[in-house]
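Me: Got a model open here and want to talk it through. Can you go over it with me, bit by bit?

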Amino acid sequence: MSKYTSRMGDGFSIELTESEIRKDIEDGMESAVKHGKVEPLTDTEIDHLLEIFKSPDKVVGVERGKEVILTYDSGTTKFKRVNVSVSKIQSLQIYERILGADTLELAHIDYSFKPVKPIVVFEQPILEQALLMTIPPLFYGAMPNLGLYSQPDGPFPNPGDLLPKGEIKEARASYDRQIELAVKDMVYVGSHMYEAGADGINFDTTAAAGDAEFYAALKAVEILKSKYPDICIQMGMASEFVLGMHGELYYDGVRLAGLYPQKQMEIAAKAGVSIFGITTNIVTNETLPWNIARAVTFTKSCTESDSIPVHACVGMGVGGVPLTLAPPVDALTRASKALVEIGRLDGL
Amino acid sequence: MAAAHGIASGIGGIRSAGDLVGRMQVSRGMKTEAAKKYVADKLKISVADIADPVVMSEIREDLDLGRVNAVPGAAKGIDAKFRIADLLDIEINCVNKFKKRIQFEKRSKSNE
């Protein structure tokens, strides 16, 4: 019986038979259907996924005519992270001219809104100069990262210490105060960068700290959109599930704890988000067919509705890409192709 | 990852019309298929040519919308974006900011 090379969610290679691939696709899909209460993939879509995983090619790509827009999280920091000694503006030019980027993103190496606030006057001239020298739409990106607002990094008691002691009321009070400061910082930075000429603001890994962070980001988006009606705001999520760390936060009458991608997107659109970044976390002890099928099923639930453009987060540990520092191109391009062709994304 | 995604699924940025399609999504919230059609209509090409670097290189040269290769005198940054805003009939934030900074409207009127 023929075997096909694939990988586990942690990136290590395995070999699977066709029936094993099919079973993993169906199981991954079922996981999304069960937890997200979304529609399953059709038989045709399952067969399409199967063919992607059976392909012997190292690199796969979308069919001609199905190309999509690429947006980036943490754009300029990627070069810093691998210790390539180029400036931020040089990084943007590399993305523009060598990597075929459809959009660009400028970012601070400490990629959160809170640390950008004190240095925003140094970020603005870089953005202004970059805008003179580049052509694609240029975003400014950062993470809400609510964790920076509690001790030891921030002023307020850490809910992670309070909750195990059963101090739920105190934890919620801390979250409420963190939200207030986080919203101010996000609006401050977003406003300054848009005033400097940015085409949009990217909120990356939103809700990484749970529902309180999601709420803070939504409120910040709402304020920015009312200040600047033409601003483009991209919101990429941290996970397919919003953790209920606070548990009693509502936006427009909808409780934020426990939301899956379709509802996350609806709420984000109501707040004023222009582009929604659906995120599905990898499960490292499942195969890539399992993980990618799950990601595609969640993605379809967002793109099937007539809503804002959807750009999936497809990177290290998300969107069906293995959780490794150097994602293998065979895995990454399969995730890319599957999410675009079957998930019907507007971008990645 | 950027390179792999670019090869697998990207339109191609300024090598083709990826930035132009991106502009329509950023400025008007268009879904990608609608944005491609809009750009194709404006450029008077087929949607299939949107991601074709051979076709788009010529168009970008003719309309001076910016290209990958560093050609002397060709649009390279803000100047390309002025033309893109005009071609696509959109507002581009940095173009408007630039006009304000150089008092573009005042100077244009004084030249009339």
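This is a predicted model: local features need pLDDT of at least 70, side-chain atom pairs count only at pLDDT 80 or more; totals for chains, interfaces and linings use all residues.

Me: Which residues are buried in α1(A)?
Reply: In α1(A), A:Ile21, A:Asp24, A:Ile25, A:Gly28, A:Met29, A:Ala32 and A:Gly36 are buried. Buried means 20 or more other C-beta atoms within 10 Å of the residue's own, exposed means 12 or fewer, and partly exposed is in between, with C-beta atoms placed from the backbone.

Me: OK, back to the helix. What covers the buried residues of α1(A)?
Reply: The cover includes β1 (3–7), β2 (13–17), α2 (43–54), α10 (261–271) and α11 (288–303) of chain A. Helices (H or I, at least four residues) and strands (E, at least two) are DSSP runs, numbered from the N terminus.

Me: What about the span of α1 in chain A?
Reply: Its 19 residues (residues 18–36) should span 27 Å at 1.5 Å a residue, and the end C-alpha atoms are 27 Å apart, which agrees. The expected span is 1.5 Å times one less than the number of residues. After α1(A) comes A:Lys37, with a positive phi near 55°.

Me: Which other residues have a positive phi without being glycine?
Reply: A:Ser74, at about 60°, and A:Asn145, near 45°, are among them. A:Ser74 sits in the loop between α2 and α3 (77–81) of chain A and counts as buried, with 20 C-beta neighbours inside 10 Å. A:Asn145 is in the loop between β4 and α7 of chain A, and it has 25 C-beta neighbours inside 10 Å, so it counts as buried.

Me: Where's the cis peptide bond?
Reply: It joins A:Gln151 and A:Pro152, with omega about 10°. A:Pro152 lies in the loop between β4 (138–143) and α7 (159–162) of chain A. Most peptide bonds are trans.

Me: Switching to chain B: how many helices and strands?
Reply: Chain B comes to 7 helices and 0 strands. Buried residues make up 41% of its 112 residues. Its average pLDDT is 93, and 92% of the residues score at least 70; pLDDT is the predictor's confidence in each residue, from 0 to 100.

Me: How many residues of chain B are in contact with chain A?
Reply: 38 residues of chain B are in contact with 48 residues of chain A, contact meaning C-beta atoms, placed from the backbone, within 7 Å. On chain B, α1 (2–8), α2 (18–28), α5 (78–88) and α6 (93–101) each supply at least two residues of the side that touches chain A.

Me: What does the model score overall?
Reply: The model scores ipTM 0.94 and pTM 0.95.

Notes:
Residues are numbered from 1 along each chain as its sequence is written. Chains are lettered from A and ligands numbered from 1 in the order in which they are written. Two residues are in contact if their C-beta atoms, placed from the backbone, lie within 7 Å.
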